[in-house]
Every structure is written in structure tokens, then in C-alpha cells.
Amino acid sequence: MMSLGREIKKARIDKGWQQKDLREATGLSQKYLSEVELDKVDPRFSIVKRIARALEISLDRLAQEDAPHA
């Protein structure tokens with residue numbers, strides 16, 4: 001299973017954004033966003049929603065588990 005932080009980082013990179021872009025879109029500090037992406041902090045649900053909205057992705061995507069390989 002991919003961690004929340006890695007999913008957020010992947011979504012940010014897929015969008016072509018740097019952390020500063022996500023910072024501007026969410027109003028969160030770049031230091032905090034870095035800690036979220038590195039799984040050093042466990043963000044509140046309201047923060048996860050704010051990040052998902054900024055990245056234009058569903059909460060389901062952030063919570064999904066990796067599919068088993070057949």
C-alpha cells in the first residue's frame with residue numbers, strides 16, 4: 001500500500017507542480033507539505049481535503065491501496 005504522503009507527492013508531480021505551487025494553492029507552509037509528503041506528520045482530514053481539492057484529485061485516490069499484481 002502506498003502511503004498518503006507518497007500519493008500526495010505523486011499527484012503533485014503528475015500535475016507538474018513543485019511544492020511551492022501546492023503551497024500557493026492550499027495556503028499551507030512548504031515545510032508542512034514536505035513533512036506530509038515524507039509521512040512525518042499525520043494531517044487532519046480537513047487538510048487532506050484541502051490538498052486533494054488543490055490537486056483536483058479524489059479522496060479515494062489518496063486512500064486507495066495498490067492493486068495486487070496478477
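**Close-up views of a predicted helical model**

**View 1. Aspartate 39 lies in the loop between helix H3 (30-37) and helix H4 (45-55).** Helices (H or I, at least four residues) are DSSP runs, numbered from the N terminus. Aspartate 39 is not a glycine, yet its phi is positive, about 60 degrees. Its relative accessibility is 41%, so aspartate 39 counts as partly exposed; that class falls between buried (under 20% relative accessible area) and exposed (over 50%), with a 1.4 Å probe and protein chains only. The model is predicted: local features need pLDDT of at least 70, side-chain atom pairs count only at pLDDT 80 or more, and totals for chains, interfaces and linings use all residues. Residues are numbered from 1 along each chain as its sequence is written, and side-chain values use heavy atoms, with hydrogens and water left out.

**View 2. Glutamate 56 sits in the loop between H4 and helix H5 (59-63).** Here too phi is positive in a residue other than glycine: glutamate 56 has a value near 55 degrees. Glutamate 56 counts as exposed, at 65% relative accessibility.

**View 3. The largest nonpolar core has 14 residues.** Such a core is a set of buried Ala, Val, Leu, Ile, Met, Phe, Trp, Tyr and Cys residues joined through side-chain atoms within 4.5 Å. Ile8, Leu22, Ile51, Leu55, Ile57 and Leu62 have the most contacts inside it. Helix H1 (4-14), H3 and H4 each supply at least two of the core residues. H4 gives the largest share, 6 residues. Isoleucine 57 touches Ala11, Ala52 and Leu62, leaving aside residues up to four places away in sequence; contact means heavy atoms within 4.5 Å.

**View 4. Helix H2 (residues 19-26) packs on H4 at an angle of about 110 degrees, with the axes 9 Å apart.** Axes are lines fitted to C-alpha atoms, for helices over the stretch in contact, and angles run from 0 to 180 degrees between N-to-C directions. H2 and H4 are therefore roughly perpendicular (65 to 115 degrees). Leu22, Ala25 and Thr26 of H2 meet Arg50, Ile51, Ala54 and Leu55 of H4. These contact residues divide into 5 nonpolar, 1 polar and 1 charged. Ala, Val, Leu, Ile, Met, Phe, Trp, Tyr, Cys and Pro count as nonpolar, Asp, Glu, Lys and Arg as charged, and the others, Gly among them, as polar.

**View 5. H2 also packs on H3, at about 110 degrees and with axes 9 Å apart.** That makes H2 roughly perpendicular to H3. From H2 come Gln19, Lys20, Leu22, Arg23 and Thr26; from H3, Gln30, Leu33, Ser34 and Glu37. This contact holds 2 nonpolar, 4 polar and 3 charged residues.

Notes:
Angles under 35 degrees count as roughly parallel, over 145 as roughly antiparallel, 65 to 115 as roughly perpendicular and the rest as oblique.
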